[in-house]
Amino acid sequence: MALAVRGLTKSFGSTRALADVSFDLAAGEALALMGANGAGKSTLVKILCGVHGADTGSITVGGTAVTFASPGQARAHGIVAVHQSVADIGVPTLSVAANLLLDSVCTGHAPVWVGGRGSRRAAAAIAAGIGLDLDLSRTLGTLSLAERQLVAIARAVAHDPAVLILDEPTASLSAPEAERLFTILDRLKSRDVALLYISHRTGDLRRIADRIVVLRDGRVAGRFGRPLDLGAALHAMLGRAVGQATPHRPRPETAPVLRLSRTRLAPGATPFDLIVHAGEVLAVTGPVGAGKSTLAGALFGLWPLAAGDMEFAGRPWRPRSPRDAIRNGVFLAGEDRWRTTFFPATVPFAHIAGTISFPFLDRWSRTGLVARAAERRAAAARIAEFGIRTRGPGDLPSALSGGNQQKVVLARWHAEPARLLLLDEPFQGIDVGARDDIVRAIRSAARERATIVFVNDLEEALAVGDRVVSMAEHAVVEEAADFAEPGTAAAGDPHPLRPAEAPPCHRPPRP
Amino acid sequence: MSRAQARPSRSISAAELLRFGLPAMLALVLAVFSALAPGFLTVANVTGVLVNSVALNAIVALAMTLAVASGGTDLSVGTAVDLGGLAFIAAVSAGQPVALAVFFGLLAGIGTGLFNALLIARLGVTPFLATLGTLFIGHSLQQLATDGGNPVYVPAGRITPALALIGHGSCLGIPLSLWLVLLLSTGIGLLLTRTRFGREVLAVGIQAPAALYSGLPVRRILALISIASGTIAALAGILLSAHVNAYVPYAGNAYLLDSIGAAFIGTALSRTGRANVPGTLLGVALFGFMTNGLLLIGWNFYWQQVGTGVLILLTLILAFAGRERVG
């Protein structure tokens with residue numbers, strides 16, 4: 001047995017994060033760990049990597065009982081983790097090669113002089129370890145999230161781990177990129193590396209998991225072996241069946257709100273046309289770097305189009321700035337909510353009320369003073385409307401779960417009526433239950449406006465969109481799926497357990 | 001378990017420490033010097049410190065506080081002090097009415113701010129570098145205007161009652177400069193904490209992308225802050241020149257370091273870690289009384305900067321030790 005965990009318990013103050021968690025992980029096996037936000041996954045991972053100590057319980061690695069006082073000790077026993085936020089891992093200004101060698105530098109095993117031919121050879125060996133096909137001289141910061149993910153994994157594998165822990169490794173990957181990762185993971189399994197795989201993407205689990213352990217409220221809520229019953233696992237994870245979102249409607253017979261013609265997002269990119277109708281939810285999918293955020297930013301006035309014309313509500317649309325866009329009712333909830341929406345707690349308006357009111361301060365108060373009471377009332381109304389779990393408008397977003405944070409972002413852009421609502425990756429870092437809530441929230445108010453949702457994940461695109469188009473190389477390349485008939489268990493079904501056999505693309509259009 | 005239980009009480013005390021760090025430090029400095037120097041805690045001395053050192057430093061430091069709140073550092077506040085003073089004294093010496101001279105002085109500050117605004121908001125230069133450039137250019141301008149740095153004295157015949165009023169006037173026994181500090185502190189304090197524009201400034205300062213995505217005119221806000229900072233600093237220059245009836249080249253540079261020190265100590269020692277008016281004022285007072293106290297106990301002048309330096313480091317060590325515990 002590569003790893004045996006028995007009776008692990010951990011409390012933080014009065015909060016019990018883990019209660020009597022036990023499981024085994026054999027060499028060459030992939031065990032999936034599922035759990036909603038706050039179920040205890042992160043705590044478990046942190047204990048396994050030596051970040052936290054357990055209160056009670058034992059960890060056995062390769063037959064020896066161990067306790068870790070530091071991540072270094074866990075690593076010495078062969079437990080290595082690739083954490084979720086790969087964007088923060090590594091030094092963005094250094095080359096890929098230097099980043100691959102970072103651990104040996106940091107642990108003092110590197111020669112005094114780094115760089116040069118020896119280092120390049122060592123880095124190339126690490127890259128070859130997982131079949132990483134990248135120019136190692138490129139700067140880490142210029143890589144896509146997917147490529148950085150692979151670099152992070154190469155670094156982890158370089159430790160020759162007995163147990164490799166992967167925390168939502170496909171969160172920012174497109175389908176082909178994820179498949180590339182799975183091929184690497186298959187190879188690791190065949191080399192008897194034990195994988196602890198944290199995810200609730202059903203596609204991932206079906207592809208890679210041999211067994212599933214489900215955590216809920218810090219306890220093991222279910223164990224599942226082959227053949228995997230993902231429905232039951234999801235039920236165990238949420239403690240309820242996954243709800244049905246609003247059935248999707250057919251395309252409304254309304255005037256187009258947005259019309260792009262002969263649009264180029266980058267010089268030299270293929271021109272494309274796009275029409276979005278009022279009341280419609282259009283999902284735009286495609287891999288990281290395909291130009292989804294570029295399109296969103298151009299519509300929102302962050303930057304101009306390279307070429308072509310936009311028409312919004314029947315008039316030419318050339319927003320000069322986000323300010324201009326917001327005034328005209330074009331709202332964008334940006335990717336990475338901590339960069340584009342929330343403010344750090346050092347400012348006095350970082351709370352939910354301040355977050356929601358911020359873009360509309362000039363509309364809500366003509367005097368230049370902040371109408372705090374009105375701001376709180378508006379926030380309280382949105383909290384109720386979106387079912388945000390919080391103590392009140394004065395709470396900080398950082399105190400909320402990922403799903404509730406995202407609901408705050410949505411609540412903000414529903415505080416005033418939008419004519420065109422752009423949502424860039426609204427499902428980032430949230431669990432399946434919260435995803436359903438957010439799909440429902442987006443769709444329930446969609447009738448009054450046009451909505452475009454930009455998502456990496458096709459499953460998410462199908463769950464939220466009336467219509468799905470995909471992008472590649474800075475152009476909209478195809479209608480990935482037409483709207484579905486209401487009531488069919490296809491695009492209208494946000495249930496993440498749709499059989500994978502039915503390819504969701506190229507579904508015949510409605511007669 | 002025992003660690004987790006011990007933590008709350010410790011973190012509360014650390015937070016309190018941080019909250020009262022600056023007042024406590026000031027109290028400590030006052031206590032130590034009143035014990036060491038008999039003449040320190042007298043009405044005459046305290047008033048002297050407030051009027052001669054704290055008032056002008058406070059005005060410049062308030063300008064700096066605005067810049068720090070918007071996420072930058074204005075290295076050209078001293079330049080604005082000088083150019084404001086130069087324009088003011090030049091106008092007075094040329095026989096212009098004092099009110100017009102004040103206007104010219106402020107115009108020089110606005111000009112300095114506009115130049116920074118152009119660099120920062122239009123050309124996208126980081127505030128630190130842009131204002132450093134302005135600092136150098138301002139230095140040269142003063143050299144050129146004064147034949148290499150000769151002071152400009154107001155001719156005896158031009159020292160009018162109006163000029164004396166600005167330099168030495170008082171109302172209800174409180175000098176004009178302190179009234180101005182009061183006015184500006186209240187204004188800027190309310191601006192930063194209560195108004196929409198204040199929120200926008202802090203938002204740009206702390207998380208510029210989120211400010212942009214929320215529809216703020218980020219560049220315009222940065223430009224306005226630059227101009228405000230230059231104008232306020234020029235005000236200090238006018239007061240200083242009126243007080244000594246002269247313009248002394250590069251005199252403003254003395255205010256630069258103190259204003260940075262005060263604004264950043266006030267920021268570091270606030271519970272939230274953001275620029276704030278009370279913190280800046282306490283920082284200015286701390287510096288003023290420290291220098292004065294060292295002078296009174298007869299420390300060698302050349303050692304006084306060491307005293308200030310040690311004070312800054314002590315305060316910051318205190319702040320960061322406290323911050324770390326608070327988490």
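Good morning. A word first on what you are looking at. This is a predicted model. Please keep that in mind throughout.

Let's start where chain A and chain B meet. How many residues does each chain bring to the contact? Chain A gives 33 residues and chain B gives 26 residues. The area buried between chain A and chain B is about 2600 Å². Carbon and sulfur atoms account for 61% of that area. Which three residues of chain A supply more of its buried area than any other three? They are Arg323(A), Arg339(A) and Thr346(A). Together they supply 21% of what chain A buries against chain B.

Find Glu375(A) and Arg199(B) on your screens. Their side chains form a salt bridge, N to O, at 2.7 Å.

By residue type, the side of chain A that touches chain B has 18 nonpolar, nine polar and six charged residues.

Over all chains the count is 17. As background, side chains of opposite charge can pair when their charged atoms come close.

Pair one is Asp186(A) with Arg207(A). Their closest N and O atoms are 2.9 Å apart. Asp186(A) sits in helix H7 (residues 175-190), and Arg207(A) sits in helix H8 (residues 202-208). The two residues are 21 residues apart, so this pair links distant parts of the chain. Both ends are partly exposed: Asp186(A) has a relative accessible area of 30%, and Arg207(A) has 29%.

Pair two is Glu416(A) with Arg363(A). Here the closest N and O atoms are 3.0 Å apart. Glu416(A) lies in the loop between helix H16 (402-412) and strand E17 (420-424). Arg363(A) is in helix H14, so the pair ties together parts that are 53 residues apart in sequence. Is Glu416(A) buried or exposed? Glu416(A) is buried, at 19% relative accessible area, because buried means under 20%. Arg363(A), at 31%, counts as partly exposed.

Arg440(A) is partly exposed at 31%. Asp437(A) is partly exposed too, at 26%.

Back to pair one for a moment. Salt bridges that share partners join Glu179(A), Asp186(A) and Arg207(A) into one network.

Last stop, a sheet in chain A. It is an open sheet of four strands, in the order E12-E11-E14-E15. The pairing is antiparallel. In general, strands of a sheet pair through backbone hydrogen bonds, either parallel or antiparallel. Which strands are the edges here? They are E12 (272-277) and E15 (315-316), each pairing on one side only. Strand E14 (residues 307-312) is joined to E15(A) by two bridges. Within E15(A), Arg315(A) is the bridge partner of Phe312(A).

That's the tour. Thank you.

Conventions:
Residues are numbered from 1 along each chain as its sequence is written. Chains are lettered from A and ligands numbered from 1 in the order in which they are written. This is a predicted model: local features need pLDDT of at least 70, side-chain atom pairs count only at pLDDT 80 or more; totals for chains, interfaces and linings use all residues. Side-chain values use heavy atoms; hydrogens and water are left out. Contact means heavy atoms within 4.5 Å. Buried area is the accessible area (1.4 Å probe) that two parts lose on being put together, summed over both. A salt bridge is a side-chain nitrogen of Lys or Arg within 4 Å of a carboxyl oxygen of Asp or Glu. Ala, Val, Leu, Ile, Met, Phe, Trp, Tyr, Cys and Pro count as nonpolar, Asp, Glu, Lys and Arg as charged, and the others, Gly among them, as polar. Buried means under 20% relative accessible area, exposed over 50%, partly exposed in between (1.4 Å probe, protein chains only). Two strands pair if DSSP finds at least two bridges between them.
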